[in-house]
Every structure is written in structure tokens, then in C-alpha cells.
Amino acid sequence: MSVSDAVSTPWRRASLAAAVFALDPLGSGLLVRSGAGPARDALMARIAEDIAPMRLSRAPADIADDRLIGGLDVAATLQAGRPIAETGVLAASHGGVLAIAMAERISTGVAARLSAALDMGEVALQRDGLSAILPAHVGVIALDEGQEDEAPPPALSERLGFWVNLEQVGWRDVEPPALTPEDFAAARKILPSVKTDDKVIETMVAIAAQFGVDSPRAVLFALRAARALAALRGETNVEHEDIELAAALALGPRATRLPAPPEEEESEEPPPPPPEEETPPEDQEQKGEDDTPRELEEQILEAVRAALPPGLLAALAAGLPRNRRSSARDGKSGEETYSMQRGRPLDARPGSLSKGRLALVATLRAAAPWRKLRLKPDEKESRRVIVKPEDFRIRRHRQKKGATTIFVVDASGSLAMARLAEVKGAIEMLLADCYARRDTIALVAFRGRVGEVVLPPTRSTARAKRALSGLPGGGGTPIAAGLDVALDVADQSRRKGQTPLIVLMTDGRANICRDGGAGRPRAMEDALDAAKRIAAAQVAALAIDTTQGGGSGPDTPVRALAAAMLGRYVKLPRADAAVINAVVRGALPQ
Amino acid sequence: MRLAFMIAATDPSVGGVLAFGDRGTGKSTAVRALAALLPKIRVVAGCPYNCAPEKRAGLCGACTNDAKGKSELRSAPVVDLPLGATEDRVVGALNLERALAAGEKHFEPGLLARANRGFLYIDEVNLLEDHLVDLLLDVAASGLNLVEREGLSLSHPARFVLIGSGNPEEGELRPQMLDRFGLAIEVRTPQEIPTRMEVIRRRDAYDRDPDAFHKHWAAAEKKLRTKITHARERVANVEVPEAALERATRLCVALGSDGLRGELTLIRAARAYAALEDVATVGDAELKRVAPMVLSHRLRRNPLDDSGSATRVERALQEVFAK
């Protein structure tokens with residue numbers, strides 16, 4: 001099979017990446033984007049076979065710390081009369097692969113613990129009076145079943161070597177494996193003797209830079225992949241095709257831009273390789289095939305480009321920003337409230353039973369040490385555990401809650417830039433007290449023909465700043481499109497347990513319809529319809545009229561929109577950041 | 001980043017170091033390398049709190065009572081506080097083993113005890129549970145860990161340099177916590193190809209043969225360690241003239257940093273830097289070098305100023321030092 005054939009279909013790309021991962025999984029990972037289905041099952045079954053004798057275990061995305069990291073095994077502790085540790089999933093998977101289902105729901109906290117295990121090859125247990133460093137050299141498969149912009153936290157995906165997408169792959173596309181488990185056993189034997197020399201490193205670094213892949217981890221994964229591919233061919237020399245495929249598998253999916261055309265790159269020419277006298281033998285062989293490193297690089301660039309998934313290629317070619325799907329939705333605990341009743345379980349805390357439900361295990365754990373002391377002298381042989389009120393531990397749950405303020409901003413026309421600057425100011429002010437309020441903020445801008453999520457719900461000022469800088473303005477006024485997008489964002493944040501508030505800022509002069517056609521009356525009709533849908537969805541709304549000067553009568557278009565949304569109407573012709581901030585805070589649900 | 005760590009190692013009173021930045025820039029790796037650079041410390045033999053034998057004040061209970069303890073050399077602790085650690089392991093708690101087996105009340109020191117006179121490292125510090133953050137702030141401010149739990153009541157010294165790392169895109173740090181860090185550095189992915197190649201090459205060399213890698217760098221590590229040791233001896237003798245004090249104050253005023261912690265840290269960091277560079281007096285060069293890492297995270301937020309904090313510090317530096 002030729003190089004381009006090997007990665008010509010999504011299934012081939014995925015199965016080759018899976019094979020490379022399965023050969024050398026520890027400390028790396030595989031991100032599988034796909035719903036549950038036969039193609040994914042086939043891939044997983046093949047991985048389970050290929051990694052043998054290593055084991056494949058599974059864990060849910062919302063795993064609690066005592067299961068992930070480990071803790072005190074209360075039953076065994078009481079039985080034995082001394083602390084007995086319970087091994088967590090990470091330590092139990094040592095030397096094997098851990099697959100996480102519904103990885104798009106992994107919290108940043110769980111992701112950080114997994115990342116630490118991937119980085120260090122061990123897990124630090126500092127819980128329940130136990131202190132240990134347990135080996136946890138694992139590989140991680142994240143099964144990402146996310147829709148649209150849901151995705152696992154970037155801190156985790158960053159540490160997974162290969163990202164594959166099976167969303168469009170059905171069982172018809174599944175092909176029989178090209179390699180047998182025996183091939184893997186043989187390849188594993190020779191893998192340690194496969195080396196990558198300086199020239200390969202140089203090529204990979206240059207390729208990564210061309211595709212805008214910043215993280216050194218990605219390059220390290222690509223080098224590992226090149227070695228694995230050589231080993232799978234039964235060779236110890238990394239050849240040109242290995243580099244090509246490795247770059248396509250490890251760097252391609254992470255690309256954030258397309259390389260500039262060759263003639264413009266002259267200034268970015270990588271410097272000559274460092275003056276090292278001896279070149280390893282395989283280096284010379286490669287030189288024979290490819291005349292200059294430059295040409296080699298060109299060929300690989302082409303190969304990576306050819307293997308890019310079509311959707312990604314189109315997005316990159318259009319210069320659209322990538323990785324909107326990211327972790328901002330799940331920041332620190334600030335987005336969440338502690339609740340005694342509902343939500344994700346947290347560590348139990350001491351407390352009175354009137355405040356919450358009893359956490360039985362934690363209570364027993366608190367009582368266990370005192371068992372012998374509390375027994376009366378005549379019952380020393382008894383196995384009774386005496387529980388006193390001070391032992392009571394109550395359950396706490398973490399519940400995501402808080403408001404999401406969705407700004408829907410008119411970015412059309414000549415006033416757009418000034419208005420956007422004010423909204424940017426207001427957003428940053430609101431973010432500044434997010435710690436206290438546990439709120440998130442999103443920004444939808446509409447202009448030209450479409451509404452676009454410029455800033456997905458976030459609490460991070462760093463992200464907000466980046467998204468807001470370079471926000472373009474000008475063009476038509478598609479209010480309906482903007483409101484539709486805002487309602488989508490509102491729906492999503494409501495599903496995450498947040499309370500959305502839509503803040504529309506416009507002068508109300510809609511002139512682009514839902515279908516992209518021009519025409520004021522119909523555009524206004526569409527806008528009013530979109531506004532009514534917001535009312536029907538019972539999303540709180542606020543309309544800020546930015547019309548300059550007069551037109552403050554009862555029938556201004558923005559007033560009509562506010563009425564249709566069943567929301568408040570405010571006229572702020574010269575809105576400044578502080579005023580917007582005050583108005584929005586007033587409208588936030590308490 | 002290296003300079004920040006070396007300054008903190010030279011003068012722990014500078015306060016902690018916060019390394020915020022892009023993924024995959026080796027933040028954690030750098031902290032873990034720190035342990036090898038720290039000079040050993042002399043402690044009372046067997047003391048779980050790393051008590052210093054020459055100081056009489058501020059010792060743990062056991063060492064205060066037992067006046068003539070033997071001393072031993074230990075490597076300075078760099079303690080990892082993993083996410084998911086429970087409170088009992090952080091502050092210390094009843095030793096379960098002994099309580100269960102013998103029915104004795106015996107205190108099992110926690111991570112704070114182990115970090116005394118050393119470094120406490122929190123990876124992904126922005127994801128730490130709120131109640132642990134509060135607890136750390138409390139102990140870091142007082143240098144004393146008070147334990148009142150499970151019928152135990154005691155206190156022990158816990159003076160440590162807090163080192164945190166994280167990625168601000170995954171959630172920001174609470175302002176109180178931010179202010180506790182004396183130095184803050186932003187780590188960016190290097191954009192030059194040669195630098196990137198060097199990173200990959202070294203990492204690759206390490207993966208292939210960790211022992212050889214350690215051997216290769218042992219000499220360089222030793223050099224840095226000696227530098228820190230010498231700087232520690234010198235730091236008390238570095239002079240801070242009035243003019244430098246005035247400049248530091250003016251710089252803080254220009255940037256509107258709240259409180260006096262900014263000035264204090266600026267002077268301390270500049271002094272440590274001077275000691276590292278073997279300069280006898282703190283001058284403009286020293287202040288300029290450390291100002292960005294001391295001040296960039298203490299700026300008052302200005303919603304309408306888009307320029308990054310580094311640029312703002314740069315601008316203020318130019319204004320103040322132009323006079």
C-alpha cells in the first residue's frame with residue numbers, strides 16, 4: 001500500500017493511528033471522535049487485540065477521586081484493624097490502556113489528574129491518611145462523543161498522541177486488519193533499537209511550524225510515531241515514508257493553519273543543521289533518496305496536506321479559527337455551587353445531619369480509628385463500631401450553576417468598531433467579578449449574512465481577550481441570524497445547568513433575512529420571529545437600543561424586538577462600558 | 001522561568017513563583033528539575049518538620065523540648081501537592097495505623113510539614129479545590145500550621161515557597177491567591193526553529209537514555225547549585241540605596257499595584273538577583289530585570305487597555321527610568 005493510500009480514507013487513517021498507538025501506548029493516547037457505533041467498536045476491539053498482553057480497562061468520565069486515585073478501603077480496614085488502601089483506576093491500569101467513555105464530559109479536574117499520570121507515569125496518592133506514589137504508566141483512549149463544540153479539555157487531548165475521527169465512518173468502511181498480533185509482538189521487540197536522528201527531528205520541527213502546531217509534545221509524538229511505523233514494517237531505519245505518515249497522523253489533525261506557498265517561505269528557511277561531523281548511516285541513505293532536506297520537507301508537507309480530513313482542510317483554507325470547542329465551559333469550581341442534594345459528588349465534609357445526607361462510608365472512616373478506644377472494657381472482643389455525632393460526614397455535591405450572559409452584538413455598518421470596543425470593555429468588567437458571581441459570558445456577533453459565536457461561554461479573561469481582539473465589523477444587519485445563534489448558545493448553556501441571559505445590542509435596522517436575502521420588511525419579520533422564539537424558550541432577554549439621536553418613540557424597531565422577546569428595553573445611544581455593565585448586572589437573574 | 005526559580009531559591013522571602021502559560025512548554029518539568037539545584041539544608045535529625053538546629057525560635061514541639069538534638073544534612077524538600085489530595089494529608093492528621101492497631105493518638109505530619117523550609121509545588125494550581133486554597137493561603141501567611149482535628153491540637157512551623165503552574169485558559173486564579181505569589185512568569189512556546197529543535201533533541205535524548213542525560217547535565221546543575229549557595233551567602237550584604245528604593249516605589253505607583261507587597265517583593269527580588277550576579281549594590285539594571293516578573297500580575301485590571309501586562313510594565317519602566 002502506498003503512502004497516500006495508507007491514509008486515504010478516514011477509516012484507514014484511524015486504524016493506522018490506532019496501530020501506531022497500540023504498538024507503544026504507554027504515556028501516549030488516542031482521541032477517538034465518534035458516537036458509539038460499529039466502526040468505533042471494531043477499532044476498540046482491534047486495539048484490545050493489538051496491545052496484548054497489555055490490558056484495556058475502562059472508566060467513566062465523571063469518575064470520583066477515590067476511584068481514580070484511590071483511598072482507604074473502609075470494609076477491609078475495619079476487618080483488618082489497620083488501614084488498607086484501595087487502588088484507584090489509574091494505578092490499577094499500570095502498564096495498560098485506560099479507555100474513558102464520554103470523554104467530552106471529563107471535567108478539567110479529572111483531565112488534570114489523567115494528565116499528571118500521563119506525564120509522570122505515576123499517581124500521587126495523598127488521601128485519607130494514606131501517602132504513596134504508585135506506578136501508573138498508562139495509555140489513555142478518550143472516546144469523545146461530543147456534538148458540535150463539545151470536546152474533552154485541551155489539557156488532556158494535548159497529551160494524547162493521535163486524534164482520529166470516525167464520525168462519518170460506518171461498518172461498510174471497516175477493512176480487515178493489515179497487521180496480525182504477531183506483527184505487533186515482533187515490532188515491539190525491535191522498537192527500542194529504532195532511532196531518529198537529528199535530521200528527522202529537524203524535519204518534524206519544521207513541518208510542525210509550517211502547520212502552526214506549537215506544542216513540542218506534538219513533535220515528540222510524531223517522532224515516536226515515525227519510530228513505531230518503522231518497527232511495524234520490521235525495520236530499524238526510519239525511512240521517508242515513516243516520516244510522512246507520522247507527520248500526517250500526529251501533526252495533521254493538530255494543524256491550525258496551512259503552510260504558506262513555497263515561494264513566500266524563503267525568509268523562514270530553517271537554519272543549516274548544527275555542525276555535527278558524523279551522520280548516522282540511515283541519514284546517508286535518506287540523502288540518497290531526497291536531494292536536500294528542503295525537498296524532503298516539501299514532500300512531507302504535501303503528504304500531510306493530502307491526508308488532512310476534508311472538513312479541517314476547508315476550515316483552515318478559509319482561515320477560520322479552530323479549536324473553539326474547548327474547555328472554557330468548565331473552568332474552576334467557580335462555575336459550580338456546592339449543594340447537599342444534587343450534582344457531582346465531592347469529598348464529604350464534617351457536618352450535622354440536619355444539613356444534609358449522611359455519607360456512610362466517610363462517617364465510618366472517621367469512626368474507624370476510635371473503635372478500640374470507644375469499646376467498653378468488657379467488650380474488647382466485640383466487632384462493634386461506635387459512631388459518635390462528631391464522626392458524622394455529610395455528602396456534598398457540586399452543581400453547575402450561574403448565569404451565562406450572551407451578548408448579541410450588531411457588528412454591521414460604520415459604527416461597529418466603536419460599539420464593539422464598548423462591549424469588549426463591558427465584557428471584561430463583567431468577567432472581572434465572575435469569581436464572586438460564578439457567571440460565564442459569551443459573545444455572538446452578527447454582520448454580513450451570518451451570526452457567529454465569537455466568544456463561547458467563558459470565565460477566562462485570557463480567552464476573552466484573544467477572541468475579542470481582531471473582531472471584524474461592517475456589512476449587512478442579519479438580526480434574525482444573530483438571535484438564532486444566541487438561542488442555540490442559550491440552549492447549550494441551559495443544558496449545562498446555567499441560566500442564560502441574552503443581551504441584544506443593535507439599532508434595529510435589520511436588512512438581511514434568515515435565508516441571506518436582502519430586504520428590510522422581511523428581515524424585520526424574521527428578526528421578530530427569532531425574538532419570539534427566544535420568548536417561547538423562556539430565556540431572559542434585554543435589548544439595548546444604540547440608535548443615535550431621536551427615534552425614541554414607542555414604535556422603534558428595537559422596542560418591538562424587546563417586546564417580542566418579552567425582555568426589557570434600554571436606550572443607550574452612547575453606551576459606555578460602565579453603563580452597559582451596570583444595566584446587564586441589573587438584568588441578571590439573581 | 002529559570003531566573004525566577006533561582007531568585008526564589010536565593011531568597012525564599014520573595015514569596016512564591018507562579019508559572020502560567022501555554023501547554024507543553026515544560027512548566028512542570030522545570031519545577032521538578034528545581035530539586036536538583038537546591039543546596040542541602042541542615043536539620044535536626046529525625047525531625048519530620050525539617051527544623052533548623054541553629055535557630056531556637058520557631059521550632060516544632062519536639063525540637064523545642066529536646067534542646068540537644070543531633071543534626072543531619074537533607075536535600076531541601078520540593079513537595080508535590082497533587083490535585084485530589086485530601087485535607088487530612090495536606091495539614092496532617094491522626095495516624096490511622098497506630099490508632100487502629102494500638103489505640104494511640106499519634107499525629108501523622110502532612111505535606112505542609114514536609115515542605116517546611118523548602119518548596120511546595122502545585123501543578124494546575126487554578127484547579128485546586130477552594131477549601132484547600134484557603135487553607136494554603138492561611139498557612140503561607142502565618143508560616144505556621146495549626147491542626148485542630150480528630151481530638152488533636154498542635155501546631156508546627158510550615159514556611160515554604162509556593163510554586164504554582166497552570167494554564168489560564170482552564171480557569172483563572174483567585175486574586176487573593178495570585179497576590180500571594182511574589183513572582184509570576186508567563187511561559188510561551190518558543191517560535192524559533194533552532195530553539196524548538198533543541199527542546200525536542202534534549203527531550204529525545206532523555207527518553208532514550210535518562211542516566212546518560214543526567215550525567216551529561218550533572219556538571220551544569222552543580223554549577224547552578226554553587227551559584228545559588230554563593231548568592232545565599234551574599235544576599236544579606238547586598239546594598240539597596242535610597243535611589244533604588246525610590247525608583248521601585250515610583251514604578252509601583254505608576255502601575256497602580258495595590259498594597260505594599262509589590263515594592264517589598266521588587267526590592268527583595270532585585271537584591272537576590274544582584275546576589276546571583278555578584279553585584280554589590282542594587283541599581284537600575286537589577287530593578288529593570290526583575291520588574292516584569294514581580295509586577296505583571298499585580299496590575300489593576302484596565303478593561304479598555306488591550307495591551308498585555310508585560311507591555312504595560314515595559315511602558316512604565318521606560319517612563320520611570322527616563323527621569
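Let me start with confidence. Chain B has a mean pLDDT of 78, and 86% of its residues reach 70 or more; pLDDT is the predictor's confidence in each residue, from 0 to 100. Residues 302-306 of chain B fall below 50, and beyond near neighbours in sequence this stretch has eight contacts in the model. A contact here means that the C-beta atoms of two residues, placed from the backbone, lie within 7 Å. Where pLDDT is low, the predicted coordinates should not be read in detail. The model scores ipTM 0.76 and pTM 0.67.

This is a predicted model, in which local features need pLDDT of at least 70 and side-chain atom pairs count only at pLDDT 80 or more, while totals for chains, interfaces and linings use all residues. Residues are numbered from 1 along each chain as its sequence is written, with chains lettered from A and ligands numbered from 1 in the order in which they are written.

Now chain A. Helices (H or I, at least four residues) and strands (E, at least two) are DSSP runs, numbered from the N terminus. Five strands make an open, parallel sheet in the order β2-β5-β8-β1-β9; strands pair if DSSP finds at least two bridges between them. At the edges are β2 (56-59) and β9 (162-165) of chain A, each pairing on one side only. From one strand to the next, the twist averages 20 degrees. Strand β1 (residues 29-33) of chain A pairs with β9(A) in the parallel sense over four bridges, and Val32(A) stands opposite Val164(A).

Chain B also has a sheet to show. Its five strands run β4-β7-β10-β1-β11, open and with parallel pairing. β4 (78-80) and β11 (183-187) of chain B each have a single partner strand, so one side of each is left without a neighbour in the sheet. Strand β1 (residues 17-21) of chain B pairs with β11(B) in the parallel sense over five bridges, with Ile185(B) as the bridge partner of Ala19(B).

Last, a helix pair between the chains. Helix α11 (residues 216-232) of chain A packs on helix α9 (residues 193-208) of chain B at about 55 degrees, with the axes 10 Å apart. Axes are lines fitted to C-alpha atoms, for helices over the stretch in contact, and angles run from 0 to 180 degrees between N-to-C directions. The contact uses Pro216(A), Val219(A), Leu220(A) and Leu223(A) from α11(A), and Arg196(B), Val199(B), Ile200(B), Arg203(B) and Asp204(B) from α9(B).
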